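Q: I have a structure to get through today. Can you walk me through it?

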Amino acid sequence: MNEKTITMKDIARELNVSVATVSRSLKNSKLISKDVREKIQKYAEEHNFTPNLLASNLRNSSKGQQLNIIGVIIPQIAHYYFSTVLSGMEEEASKHDYMIIAAQSDEMFEREVEICEAFRKTRVCGVIVSQAKDTVEYSHFQKLIDSNIPLVFYDRICTGLNTSRVVVDDYQGAFSAVEYLIKCGCKRIAFYRTPMKIEITKNRYNGYRDALLKHHLPVDPEIEIVCDNRADAEDITPEILSKDNRPDGFFAINDDTALGILYSAKRMGFRIPTDIQICGFSNGIRAISCEPMLTTVEQRGTKIGREAVDVLIKHIKGETPKNKIDKRIVKTRLIIRGTTKRLPENSY
């Protein structure tokens with residue numbers, strides 16, 4: 001049976017000293033006599049005492065001191081990409097003795113506002129955020145900045161504020177994917193995307209469009225579909241593929257949407273990649289859990305997370321001046337698998 005976790009109050013009561021004496025002794029303060037310090041330290045070690053760092057930080061916060069904690073806002077924690085970003089953040093933060101507190105906005109503006117206010121009141125030392133899909137008003141972010149809390153965006157950035165950010169090269173990733181589909185023989189490529197108010201969508205759309213224009217293929221709004229999840233893709237795709245001028249290629253804003261296209265096309269009897277070719281964007285675990293496996297653009301979420309924390313800590317420590325904006329772009333990589341034809345490596 002596990003022993004009950006003891007607190008500094010427990011140690012103080014057992015040794016008949018004050019909590020302040022326990023705290024100072026555990027920090028090896030010379031204000032406490034050597035005999036008392038050693039007695040308290042020995043008792044703490046024998047009873048496997050571990051200090052509650054979060055509680056300590058919160059106490060310091062109530063005294064107006066800054067926390068050694070970074071607040072992170074994630075749109076959806078279940079999304080593979082965001083989970084890898086968070087992993088990278090925690091990996092980098094731990095190297096510098098910072099803790100991460102992550103909260104999920106669940107793609108809701110109101111929830112995002114609540115989280116920002118909680119972080120502000122808790123006096124975290126900085127905030128890293130990927131904004132929700134429906135965020136169009138930014139006063140909650142400005143409030144953090146006005147409270148001298150450094151703010152860094154990743155993935156979905158806020159164009160209404162001039163802040164540091166870390167993003168993948170969405171334009172080049174999309175351009176490379178669509179150009180590969182074209183080189184594999186696709187003449188009519190549909191794009192399943194999120195609303196154009198989101199910056200990553202604009203960048204990926206520009207890459208999609210420019211690849212078509214480069215190869216003298218028409219840009220057709222009829223096959224630019226607002227769809228960013230598997231369920232909707234499964235509903236929409238059968239109608240798209242039933243038309244006489246159906247697409248022979250699909251580029252999707254994320255892997256889940258691409259898998260919805262794949263499932264629908266196979267169910268309708270199309271051969272992949274002979275009849276239809278598909279490319280996603282993310283390179284999550286689901287990309288290799290389907291048949292055939294999905295060609296996709298790798299976002300490198302772990303690196304995004306590490307870079308975002310590095311940018312923020314440099315702001316916190318003053319290594320990057322307040323008036324300097326750090327903008328970092330992480331390169332993508334096209335991963336060729338079974339949903340597209342395979343070309344010789346030197347041809348793309």
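A: Start with a term. A patch is built from residues with over 30% relative accessible area and no salt bridge; like charges are joined within 9 Å, and nonpolar side chains (Val, Leu, Ile, Met, Phe, Trp, Tyr) within 5 Å. Accessible areas come from the Shrake-Rupley method with a 1.4 Å probe, and for residues only the protein chains shown count as cover. A salt bridge is a side-chain nitrogen of Lys or Arg within 4 Å of a carboxyl oxygen of Asp or Glu.

Q: What should I know about the model itself?
A: This is a predicted model: local features need pLDDT of at least 70, side-chain atom pairs count only at pLDDT 80 or more, and totals for chains, interfaces and linings use all residues. Residues are numbered from 1 along each chain as its sequence is written, and side-chain values use heavy atoms, with hydrogens and water left out.

Q: Which residues make the nonpolar surface patch?
A: Tyr80, Ile285, Ile288 and Met293 make it, and its area is about 370 Å².

Q: Where is Ile285?
A: Ile285 is in the loop between strand S9 (277–282) and strand S10 (295–298). Helices (H or I, at least four residues) and strands (E, at least two) are DSSP runs, numbered from the N terminus.

Q: Is Ile285 buried or exposed, or in between?
A: Ile285 is partly exposed, at 48% relative accessibility. Buried means under 20% relative accessible area, exposed means over 50%, and partly exposed is in between (1.4 Å probe, protein chains only).

Q: New topic. How many residues of helix H8 are buried?
A: In H8, 10 of its 14 residues are buried, so the helix is mostly covered. Among the buried ones are Asp170, Phe175, Glu179 and Tyr180.

Q: What is the reach of H8 from its first C-alpha to its last?
A: H8 (residues 170–183) reaches 20 Å, close to the 20 Å expected at 1.5 Å a residue. The expected span is 1.5 Å times one less than the number of residues.

Q: Which residue with a positive phi follows H8?
A: Gly185, with phi near 105°.

Q: How many aromatic pairs are there?
A: The structure holds nine. Rings of Phe, Tyr and Trp (its six-membered ring) pair if their centres lie within 6.5 Å; planes under 30 degrees apart count as stacked, over 60 as edge-to-face and the rest as tilted.

Q: Why is the pair of Phe191 and Tyr208 called tilted?
A: The ring planes of Phe191 and Tyr208 are at 35°, so the pair is tilted; the centres are 5.0 Å apart. Phe191 lies in strand S6 (residues 189–193) and Tyr208 in helix H9 (residues 199–214), so the pair ties together parts that are 17 residues apart in sequence. Phe191 is buried, at 0% relative accessibility. Tyr208 is buried too, with a relative accessible area of 0%.

Q: Which cluster do ring pairs make?
A: Ring pairs link Phe191, Tyr205, Tyr208, Phe251 and Phe281 into a cluster.

Q: What sits over the ring of Phe281?
A: The charged end of Arg204, 3.7 Å from the ring centre. The rule is that NZ of Lys or CZ of Arg is within 6 Å of the ring centre and within 35 degrees of the ring normal.

Q: Switching to the backbone. Where is there a cis peptide bond?
A: A cis bond joins Ile272 and Pro273, with omega about 10°. Pro273 is in the loop between helix H11 (255–267) and S9. The bond from Glu291 to Pro292 is also cis, with omega near -5°. Pro292 is in the loop between S9 and S10.

Q: What is phi for Asp106?
A: Phi of Asp106 is near 55°, positive in a residue other than glycine. Asp106 is in the loop between strand S2 (99–104) and helix H6 (109–122).

Q: Last topic. How many salt bridges does the structure hold?
A: It holds 23. One of them joins Lys95 and Glu92, at 3.7 Å, N to O. Both lie in helix H5 (residues 80–95), three residues apart, about one turn of the helix. Lys95 is exposed, with a relative accessible area of 55%, whereas Glu92 is buried at 11%.

Q: What does the salt bridge of Arg333 and Glu298 link?
A: Arg333 and Glu298 have their closest N and O atoms 3.1 Å apart. The pair links distant parts of the chain: Arg333 is in strand S12 (residues 333–335) and Glu298 in strand S10, 35 residues apart.
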